[in-house]
Amino acid sequence: MERILPELAEAEPGVYLVQADGALRQVHAHQGGEYALTDILEFFELGTVIEELAVDIVEFDRKELRELKSMVDAYRADYPPDFIQMCLDMHEEAIGVDDDTVRFYGNF
C-alpha cells in the first residue's frame, strides 16, 4: 500500500487496480471530461469509498459489479459518454480478478 501513492502520482490520469503481484494496472485512461471515479457512488449508489490515501479509492463486491453493468446498460443515455466508458472498462477488467472485492484507484 505504501508504494501505491507514489506510483499513482507519476502515472497517467485514469483508473487503476492493483494486480496480484502488487503492480498497478491502468484499466481506464481519463478522457479529459468532467467525471470522477467516485461519481459511480453518486450516480448509481454502488461501491464503497475507501479513505486510506489521498486519491479516490472505490471498492466493489461481485454483486455491485454486476449491478454496475446493468446500470450502465439501463442509463447509458443519461450520463456523459466518458463516464459510461470508465464504468464499462472497470467492469471488463474486474471480471478477471479472483477476489470477492475489487478495489479501483483514480488519480484524476
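User: Quick one to start: is Glu-67 buried, exposed or partly exposed?
Analyst: Glu-67 is partly exposed, at 30% relative accessibility. The cut-offs are under 20% relative accessible area for buried and over 50% for exposed, with partly exposed in between (1.4 Å probe, protein chains only). Bear in mind that this is a predicted model, where local features need pLDDT of at least 70, side-chain atom pairs count only at pLDDT 80 or more, and totals for chains, interfaces and linings use all residues. Residues are numbered from 1 along each chain as its sequence is written, and side-chain values use heavy atoms, with hydrogens and water left out.

User: Which side chain does Glu-67 meet in a salt bridge?
Analyst: That's Lys-63, at 3.2 Å, N to O. A salt bridge here is a side-chain nitrogen of Lys or Arg within 4 Å of a carboxyl oxygen of Asp or Glu. Glu-67 and Lys-63 sit about one helical turn from each other, because they are 4 residues apart in helix α3 (residues 62-75). Helices (H or I, at least four residues) and strands (E, at least two) are DSSP runs, numbered from the N terminus. Lys-63 counts as exposed, at 53%.

User: How many salt bridges does the count come to?
Analyst: The count is 5. One of them joins Glu-93 to Arg-25, with the closest N and O atoms 2.1 Å apart. That pair links distant parts of the chain: Glu-93 is in helix α4 and Arg-25 in strand β2 (residues 24-29), 68 residues apart.

User: And what does Arg-103 pair with?
Analyst: Arg-103 forms a salt bridge with Glu-59, closest N and O atoms 3.0 Å apart. It's another link between distant parts of the chain, from strand β5 to strand β4 (residues 56-61), 44 residues apart.

User: Switching to rings. How many aromatic pairs does the search find?
Analyst: There are 7 in the whole structure. Rings of Phe, Tyr and Trp (its six-membered ring) pair if their centres lie within 6.5 Å; planes under 30 degrees apart count as stacked, over 60 as edge-to-face and the rest as tilted. Phe-43 and Phe-83 form an edge-to-face pair, 4.9 Å centre to centre with 80° between the planes. Phe-43 is in helix α2 (residues 39-44) and Phe-83 in helix α4, 40 residues apart.

User: Is Phe-83 buried or exposed?
Analyst: Phe-83 is buried, at 0% relative accessibility, while Phe-43 is partly exposed at 27%.

User: Which residues do the ring pairs link into a cluster?
Analyst: Phe-43, Phe-44, Tyr-79 and Phe-83.
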